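Work through the exercises below with the sequence and the coordinates at hand. Each task is followed by a stepwise solution.

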Amino acid sequence: MKRSSEKLWNYVWTAPVFLTMVVLLAYPILRTIQLSFYEYNLTSESQVFIGLEGYYKILSSNDFYGFLRISFIWTFGIVVTCLVIALPFAAILNNEFRCKSIMRPILMLPWATPVVITALTWKWMYSPNFGMIDYLLRALGLGSLVQNWLGDPDVALFSVMIPTIWRGYTFGAFMYLAAMQTIPVNLYEAAEVDGAGSINKFFHITIPGILPTIIVVNLLGVMWSLNAIQNLWIMTQGGPINSSTTLPIAVYKTAFLYHRFGDASVYGVVIGVMMLIFALLYIQFVAKKGELAEV
Amino acid sequence: MGRRLTAKQFIFYGALSLFVVLALLPYLWIVSTALKDFSEIFTIPIRLIPRHITFDNFKAVIYGQMHFSQKFMNSLIVTIATTLLSLVLSLPCAYALTRFKMKGKRFLLQTILISQMIPIVVLLIPLYIVIVKLGLINTFSSLVIANLTFSVPFAVWILYGFFTRLPISVEESAMIDGCSRFQILVRIVLPSAMPGIAASAAYTFISAWQEYIFALTFIDSQRKFTLPVALTSYIGQYGTQWGNMMAASLLVTLPVLVLFFGVQTLMVKGLTAGAVKG
């Protein structure tokens, strides 16, 4: 008798978190799924069941495929660029050099910067005439590269990707660095005996050694970037003419500018499904790495 | 041989300085703009080091129409409430998950892990509807509640990582001496888990401090704006006041940087334990 009451008592400890998750995460998710089958009007609180009509309308519209395409360019553009920058960056930091302890915080600065401030600062840097970017490009003799950074539909999405990458690659870099430091030194020494150069060592020892971390960081990166809306909202609000409207931006605009909560929920469900796939992959890899295996 | 080495070093230091410049450039621009007077901000050629340094922008931000101190207090209230509440909710849970045998533990942990990936916009619509119905629009409580969606799972995850690494033996002997679980948590576990608690508190503080989307959606009244929303709302209004904006940005960023680097070692430990165990 005592044992079972004790066991029940154990669950009480987790109850606050469990309830928070049910009320603040499970309920909203189920409600979004439900709303996607309805036409919802906030002011009259009227809710009309339309079944799959909302899905049909949105999945057969050109807009949707545009947003999907933009989301893919945005997400993979950011993740791939971050990877390409972060790997050599981590490899550099994995060496001993002077002033390393001072360098570390400086190099971490982008990751520590609040997203809103990143967005504001870059918006000002992109500003035509008096912004820093145009000025630097002209000073370097690259004046022909000057663009209407946030105002040109062909350029705006990429212009917002740059600050996102600026802030994002540091996280990966320091994760890779931590992983690199666990690779046994004798592997490198053995390779040196065999006459391997540093490029060779990087591709044949370092990369395979940190591959699990690379996978985990990049799965996280895909999920974070796909979801990221702050930079986009602050810098372009998805414009000009929808050219930087990713799916999450479409949700936000549809719900809070056009007040079409049902349609917005359809977009939301689509993002949710995409995210679920990556989240399951992520769980798979994290579990394999032993984090959850000990449970 | 010697020459090759120097060439190598040249590339090495070249690449390193490139990264340093990249990291610092936006900051140089923020500081430089914040210290310039209005006319110099719009003077060509642009000078990184202002011709004459002025603190007028900071004065304008603090005493001017931005009502910076009011927004600062708003942010502080929401952020501290979020941090305290998520710690109180997460501590017992993280402790129980590491110490008790429970069914569904793995499921709960996986759910906590996945919940950090839920798109905020998916939660936003139902939360907005509920908050409107409860009459909580334009209240700080709405923001604190919404912040829990990301802060609680993250806090549990970080604390879980720290608790797993605390030795159980001390607690066992305390239990033999007749201490209750609660006494053990308060007297033994909490003091030794302080670094983990500080790390998760710092992280929660940082993310709640810069939370933007909930604050943008749930708060209409200017008086109740938090700093991130207040700052962005000035883009249109005072579109040309970049000096003020950059001065305000610095003031918003400073607490974050202090916290971030103050507990950086702790956080790196916590993050690596939680997200990717190397």
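**Exercise 1: a hairpin**

Task: describe the hairpin formed by β1(A) and β2(A).

Solution. The model is predicted, so local features need pLDDT of at least 70 and side-chain atom pairs pLDDT 80 or more, while totals for chains, interfaces and linings use all residues. Residues are numbered from 1 along each chain as written, and chains are lettered from A in the order in which they are written. Next, the strands: β1 covers residues 38–41 and β2 residues 46–49 of chain A, paired in the antiparallel sense over four bridges. (Strands are DSSP E runs of at least two residues, helices H or I runs of at least four, numbered from the N terminus; pairing takes at least two DSSP bridges.) Opposite Glu39(A) stands Val48(A) in β2(A).

**Exercise 2: a helix pair**

Task: at what angle do α3(B) and α13(B) pack?

Solution. Helix α3 (residues 56–63) and helix α13 (residues 242–262) of chain B pack at about 75 degrees, their axes 8 Å apart. The pair is therefore roughly perpendicular (65 to 115 degrees). Asn57(B), Phe58(B), Ala60(B) and Val61(B) of α3(B) meet residues of α13(B) including Gly243(B) and Leu251(B) (contact: backbone-placed C-beta atoms within 7 Å). The contact of α3(B) with α13(B) holds six nonpolar, three polar and no charged residues (nonpolar: Ala, Val, Leu, Ile, Met, Phe, Trp, Tyr, Cys, Pro; charged: Asp, Glu, Lys, Arg; polar: the others).

How values were computed
Axes are lines fitted to C-alpha atoms, for helices over the stretch in contact, and angles run from 0 to 180 degrees between N-to-C directions. Angles under 35 degrees count as roughly parallel, over 145 as roughly antiparallel, 65 to 115 as roughly perpendicular and the rest as oblique. Two residues are in contact if their C-beta atoms, placed from the backbone, lie within 7 Å.
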